[in-house]
Amino acid sequence: MYAQLVETGSSQLKTLDEMGPEERQFQERINDEIKIEPKNWMPDAYRKTLIRQISQHAHSEIVGMLPEGNWLTRAPTLKRKLQLMAKIQDEAGHGLYLYSAMETLGADRDEEIDKLHDGRAKYSSIFNYPTLNWADMGTIGWLVDGAAIVNQVPLQRTSYGPYARAMIRVCKEESFHQRQGYQILLTMMQEGTDEQKAMVQDSINRFWWPSLMMFGPSDENSPNSAQSMAWKIKRHSNDELRQRFLDQTVPQLELLGCTAPDPDLKYNQETGHYEFGEIDWQEFFDVVKGNGPCNRERVEARRNAIDNGAWVREAAVAYAAKRQRRAA
Amino acid sequence: MQNMAHRNSVQKNSAQKTQAPLTDYLLRLGDSALVLGQRHAQLCGKAPALEEELALMNVGLDLFGQARNWLGYAAELMAADLMAAEPEGQVYDADSLAFRRDAQDFRNLLLVEQPNGDFADIMGRQFLFDAWHVHLLDGLSHSSDPRIAEVAAKSLKEATYHLRRSSEWVIRLGDGTEESHTRMQRALDNLWQFTGELLQGDEIDQAMLAAGIAPDLETVATRWKATVEEVLEEATLVRPSYDAWMYTGGKVGHHTEHLGFLLAEMQYLPRAYPDATVW
């Protein structure tokens, strides 16, 4: 989940009777599965929640370029380098679609990016973990993009039209990345040396729990979920999506011949689901609050890119103005 | 021309000695694309705007793709040479050429190994290279070697886009603000000494021209100058002298101090895990 812990500003749902005429009409439209479009009336809280969620999602794509970019210069073959570079390029593209979708709500891209840089806006907690070996490029594709897809597939039906349409494009590319990531791990496990296999297991050990945290707090600790679900921004609860992800991922883990760093992981014949151990919620909230292994580095890298590029953007603006004057 | 020290004995005995200049020429093309692609890889997450992030990755991706094509062809020729002399010998592929050769065996232009610096340095380097690359690839697309003609024709489409973009940035920065103008002029002045190598042919270039494989570098130089002059004028920049002292050597494996570090980073995994055959 690239957008976790999105504030909706309301902890209690209104019934249709409690709503004013505009709001009721809006809610009925949502209930009838008709998409909300930029020019439609929408409650202010819906607009703000979506701006928060879509910007968080966009920021995640952009910050998410950094842990992978960390290995771009060190990819071990030309094919892997090309794949990784194409993937990072797609991520920049996803960031652009998402900022565009967000701007249809009246938000400004630069202002929202400022919020990221001064810590007012969040991005996915997963990108605050360091990439320490090459297998992390496979694991991020498989687990991180895998978790993102489980979250984004239902978002293709989210109530806000521009966001839903962005997700359709994003999902196609993400599925491709996920397969490539898994392929990196499978190659190393099936044809690699013992050292390469050890890299894969080490990587899974480090990314397993952070990937499960991508779905956000457990349902009893998700005060904003009810409103997001009533608005059909979210279509499933955090725990539901987390379970779905786990159920599809464990067989893939077994196929790799690797293990999860969870002694409580087991299949429950009766429910048909995998059961798993307790997530370290302290760690989750620490990371979300800015105290993860790479939070400071990631935000600083983004801030530096924008600050160091200020003179370039100023030059582009100055040149465009000159051209306009000359044309006039 | 020997490509790799440990292959000297093989090449001396090879029945296909005539392939050596071609192999060397392909390494020059492939290595320049590879090294410049690597400079782009270092820029990930550092662009001045999101759109540029995308563009830098896009250009880098094109260059790595071209490197793979040129080096793949070079490796096939080397393997054929080797098979003729020593059937059990080591077989090369594009990856072994990229990741297992040391700096003295690299044949890239000195220009492309220069550090990224600021955005003016990056765009200046790109523009000076692209202006040459487009005209060279245009010539190579008419090569007597059909494989080269094919790769060049595909690469030319990409390089044409690269040149459009880098020209636009040189103009924007040169004719933008006072600061951007100063930076762009400084970048150009610093990079200029590496342009001689683009235009000055040696015996390999002569051999390729004689075989109808590569275009005359003098023609490429004339076109390069026209492109550079046109863009620099529009950018309100002063063109350094064509008679300036030129730093050369990349095409014969004599590099600047920058390449060693670039390769140390790029090659670290295959070198640290020599037993790993697949990744």
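Reader: What makes A:Arg302 and B:Glu53 a salt bridge?

Author: Their side chains meet at 3.5 Å, N to O. A salt bridge needs a side-chain nitrogen of Lys or Arg within 4 Å of a carboxyl oxygen of Asp or Glu. Between chain A and chain B the count is four salt bridges.

This is a predicted model: local features need pLDDT of at least 70, side-chain atom pairs count only at pLDDT 80 or more, and totals for chains, interfaces and linings use all residues. Residues are numbered from 1 along each chain as written, chains are lettered from A in the order written, and side-chain values use heavy atoms, without hydrogens and water.

Reader: Why is A:His117 called buried?

Author: Its relative accessible area is 7%. Buried means under 20% (1.4 Å probe, protein chains only), so A:His117 qualifies. A:His117 sits in helix H5, residues 109-117 of chain A. Helices here are DSSP runs (H or I, at least four residues).

Reader: What does A:His117 touch, not counting residues up to four places away in sequence?

Author: A:Val299, A:Arg302, A:Arg303 and A:Ile306. Contact means heavy atoms within 4.5 Å.

Reader: How do you know how much area chain A and chain B bury between them?

Author: Buried area is the accessible area (1.4 Å probe) that two parts lose on being put together, summed over both. For chain A and chain B that is about 4,300 Å², 71% of it on carbon and sulfur atoms. A:Leu78, A:Met85 and A:Trp311 supply 19% of the area that chain A buries against chain B, more than any other three residues. The contact takes 50 residues from chain A and 52 from chain B.

Technical notes
Helix = DSSP H or I, 4+ residues; strand = E, 2+ residues; numbered from the N terminus. Buried < 20%, exposed > 50% of the residue type's maximum accessible area, 1.4 Å probe, protein only.
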